[in-house]
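Good morning, everyone, and thank you for making time for this.

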Amino acid sequence: MRRRQIKILEEKFFVFLSAFMTYSLIVVLAFIILVIFVKGFNALNLDMILKTPEGGYYYGGEGGVLNAIMGSLYIAFGATLIAIFIGMPAALYINVQLIRYRRTQNTIRFFLDALWGIPSIVYGAFGFTLMLFFGMNASLLAGTITVALLISPIMVRTFDEVLSTIPKGLHEATLALGFTRTETAFKVMLKQGFSGFITAILLSFGRGIGDAASVLFTAGYTDNIPVNLDEPAATLPLAIFFQLGSPIPEVRERAFASAVILTVIILIISLGARYLSKRYSRTNLK
Amino acid sequence: MITSLVTILSLPLIIGVGLYLKAAPIFDQQSFYSLIFSSQWAPSKGEFGFWPFITGSLYVTLLSFLFTLPVCLLAAIYLTQFSSKKLIKVMHPVIDVLAGLPSVIYGVWGILIIVPFVSDYIAPIFNATSSGYSVLSGGIVLSIMCIPYVLNMLIEVFNTVPVGLREASLSLGATQWESAKHVVIRGNYPGIISAYGLGIAKAFGETIAVMMVVGNVVKVSFNPLEAAYPLPALIANNYGEMLSIPMYDAALMFAAFLLLVIILMFNMIFRYLIHKTKRQ
């Protein structure tokens, strides 16, 4: 009888504890977002979003972080574009040309996953050596290329994950109808996996816009919005980081406001990815 | 199509070689052994001992691992074994958003909440004074960053357990928790270890968030309330001056190379284990 009681007690305790851990994750997320929003709301105004830093900005003067917002968007857009050109064909290749070679597919996936794990600071350092090698300065171009390298594996693996769920029968049917493999890849697989493609793009974009360590060496920092590829570009994460290091309270407040801007962008992207992937997978053949 | 695939797959090799070539000059000046195990850090005198940074990194990572361990394991069990379908639907976006928040946001949050918490509440418990910028703060912030990452993998691993096995265990009179303990956990050791291994690798390379809360002081200390200086933070903090001091850039590239090799190794080993368990 006693053993039974202990058993039930153990059951209750651990079910409660594990439920507690799970719910606490929701609480932590809400807490993080709440803290960022409450702290940043004071300093957040239209000037923050619509103006570049003016004279004396870093001593509490007028201005905003438009330079960083635009810089981040430029870099993330450019990098995502490059990553699409590298990543999309690579993912299609794995799932069309290599469809008969399971072992090779798995090995490639294994390497891509390992690649995903390389920290962004290493990409940053590598981008820096590359930059010196080509005799470039810290610039929009260097930053974009570094971020593109960082997000390419993410792009391939996310897209690939969706492509691999497409039924084999569809693939065989297209081949039976006389399609070449390339046609199958771009006309059928791309269409069927379009939801995955969108998710992959948004995920990579979100990662690209939020990453600080890779652009730290390569994109530089400036108060202007870059108009040329060889000009340095400010980025939002770095703007937060630098402003937070300031001893002046007003500037620190603005770091919190910039954090709100970045959080909102990330939330829009990640919820948008969810919505779009649902919407585009509705018309898929099952 | 194949060119783009080959480009991506050869990336780690290119990065490795590139960083190694940049780091190579430092080997002429100092032996590999003294680079890693010496605590003498004086770039202007040409002394580069990475020991304080390596221990700092290891220590922060270890602490974050200790916090991640119970939370992830229990939450993953709850989500795959006990919870309702509805909660799983809610948790998916929660985990995704947590994983998607940029590290600089975690850093800001750490400075706002964790750092004062450590200096005002945790330190007095041990009769110590601490600025709050400490290994402990770094560990807490890191663990929250790693939780969604590890949790996702654990859920994936636990979902591979056949339902029949669990039902068999329940029908023999085991409670829910007992069958989770004996069937889900015991049967999945390789998967669980790999998920945590990958979490550790991620924590080891995390830069900005840690750098913002960990204090960045060069010393070897095992007091979690004191500041430390992890390897990635070292690279990130000194990129500006590294070209003005001779050999400094080679030393920092060596640090990046070290990070790359360690993390790639971790990833290879544990990814391999995960791929193996998935195929079974």
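What follows is a short walk through some of the salt bridges in this model.

This is a predicted model, in which local features need pLDDT of at least 70 and side-chain atom pairs count only at pLDDT 80 or more, while totals for chains, interfaces and linings use all residues. Residues are numbered from 1 along each chain as its sequence is written, chains are lettered from A and ligands numbered from 1 in the order in which they are written, and side-chain values use heavy atoms, without hydrogens and water.

Let me begin with Lys181(B) and Glu10(A), whose side chains form a salt bridge at 2.9 Å, N to O. This pair crosses between chains, from helix H10 of chain B to helix H1 of chain A, where helices are DSSP runs of H or I with at least four residues, numbered from the N terminus.

Within chain A, Asp113(A) and Arg157(A) form a salt bridge with their closest N and O atoms 2.8 Å apart. Asp113(A) lies in helix H4 and Arg157(A) in helix H6, so the pair ties together parts that are 44 residues apart in sequence. Are these two residues buried or exposed? Asp113(A) is buried at 6% relative accessibility, and Arg157(A) is buried at 8%, where buried means under 20% relative accessible area, exposed over 50%, and partly exposed in between, with a 1.4 Å probe and protein chains only.

Key:
Salt bridge = Lys/Arg side-chain N within 4 Å of Asp/Glu carboxyl O. Helix = DSSP H or I, 4+ residues; strand = E, 2+ residues; numbered from the N terminus.
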